[in-house]
Amino acid sequence: MRYLAVFIILICDTLVHGQGISISPSRIFFTGEAGQTVSQPITFSNTSTGTLSFVANLKDWDRDSLGSKRYYATGNNTGSNASWLTLSENTVQLAPGETKVVNLSMTIPDNMATKRQRHSMLFFTQVKEQKAAQANGLHMNVLIEVGIQVYHTPTGLKSGDLEFLAFEDKGAVTIQQGQAARRMEVKVKNTGQINKDAYVRFELTNIATGEETSVDALPIAMLPDSEQWVRVNLPHKLAPGRYLAVAILDAGSQYDLKIAEKEITY
């Protein structure tokens, strides 16, 4: 009999729920100064009918040119804070219906070479196998791995801004299941020393008729002093003509909206 272990990795910006477990928060921001030890609780709640067990491990990470996370063993990223972190418990076991709090502590070195925002990823991986479920002739043990982003932000860092660097029309592309789309890309830069969340909204207007076509907004998350491309697939089957494509960069009320425009022809 074959067995297949499936890991579900949950890394998000809100309370994490999955397979009868909730873990909060999903992002932790420490602001202590050199030489201080600061801590924050992490709350686990088991809403399932079985016992759940998790083990902790740390990894370094950054983002590629499209904003996707890349993971590394700790010590391989100069912007890491993983070596500063300790947990009150490295193994967490919860009985059915139990809620437990684990403290995450950060001891900030006295001799930081540079004053910069640093980050790591704290993973909790389920180690108790759940009841096997039959699927396509396989017995599947569904396990969960939850990632929590951990930041250290010393005081005095410049918030900077988000700005457009480029707006490109990539033309027709083939996407999933052979469907066609018109692809646009914008390049965004975070000029600040802290991470930022934002939305890129796109508007498409037929210049001749004034008809507008709605395009879903895309969330982005950017590390300090970084650049990344944001891709959007516009509807491919539109009436022939000239269109004004507008990209709007919205990083929240504390920042001004940024706008980029490009005329395209279908």
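**Salt bridges, a pocket and a cavity**

Trainee: What is the relative accessible area of Glu227?

Mentor: Glu227 counts as partly exposed, a class that sits between buried (under 20% relative accessible area) and exposed (over 50%), with a 1.4 Å probe and protein chains only. This is a predicted model, so local features need pLDDT of at least 70 and side-chain atom pairs pLDDT 80 or more, while totals for chains, interfaces and linings use all residues. Residues are numbered from 1 along each chain as its sequence is written, and side-chain values use heavy atoms, leaving out hydrogens and water. For Glu227 the value is 39%.

Trainee: Which side chain does Glu227 meet in a salt bridge at 3.7 Å, N to O?

Mentor: Side chains of opposite charge can pair when their charged atoms come close. The rule here wants a side-chain nitrogen of Lys or Arg within 4 Å of a carboxyl oxygen of Asp or Glu. At 3.7 Å, the partner of Glu227 is Lys189.

Trainee: How many residues apart in sequence are the parts that this pair ties together?

Mentor: The Lys189 and Glu227 side chains form the salt bridge. Lys189 lies in strand 15 (residues 180-190) and Glu227 in strand 19 (residues 227-235); strands are DSSP runs of E, at least two residues, numbered from the N terminus. So the parts tied together are apart by 38 residues.

Trainee: Is Lys189 buried or exposed?

Mentor: Check its relative accessible area, which is 18%. That puts Lys189 in the class buried.

Trainee: Which residues are linked with Lys189 in a network of salt bridges?

Mentor: Glu227 belongs to the network, as you'd guess from the pair above. The complete set linked with Lys189 is Lys187, Glu227 and Asp225.

Trainee: What is the phi of Asp225?

Mentor: Asp225 sits in the loop between strand 18 and strand 19, and at 55% relative accessibility it counts as exposed. Asp225 is not a glycine, yet its phi is positive, about 50 degrees.

Trainee: Which residue in strand 20 does Glu263 pair with?

Mentor: Glu263 makes a salt bridge with Arg242, the closest N and O atoms being 2.7 Å apart. The pair links distant parts of the chain, 21 residues apart, with Glu263 in strand 21 (residues 258-265). The one in strand 20 (residues 242-250) is Arg242.

Trainee: What is the volume of the second largest pocket?

Mentor: On a 1 Å grid over the protein atoms alone, a pocket is an open set of points with protein on both sides within 12 Å along at least five of seven lines, whereas in a cavity a 1.4 Å probe fits but cannot get out; lining residues have an atom within 4 Å of a point. Points are joined across faces, edges and corners, and a volume is the space filled by probe spheres set on them. Asp225 is among the lining residues, as are Lys115 and Thr191. The volume is about 170 Å³.

Trainee: Which strands give two or more residues to the lining of the largest cavity?

Mentor: The largest cavity has a volume of about 30 Å³. Its lining includes Arg63, Tyr151, Lys196 and Met222. The elements giving two or more residues are strand 16 (196-206) and strand 18 (218-222).

Trainee: Where is Pro25?

Mentor: The peptide bond from Ser24 to Pro25 is cis, with omega near 0 degrees. Pro25 is in the loop between strand 3 (21-24) and strand 4 (27-30).

Notes. Helix = DSSP H or I, 4+ residues; strand = E, 2+ residues; numbered from the N terminus.
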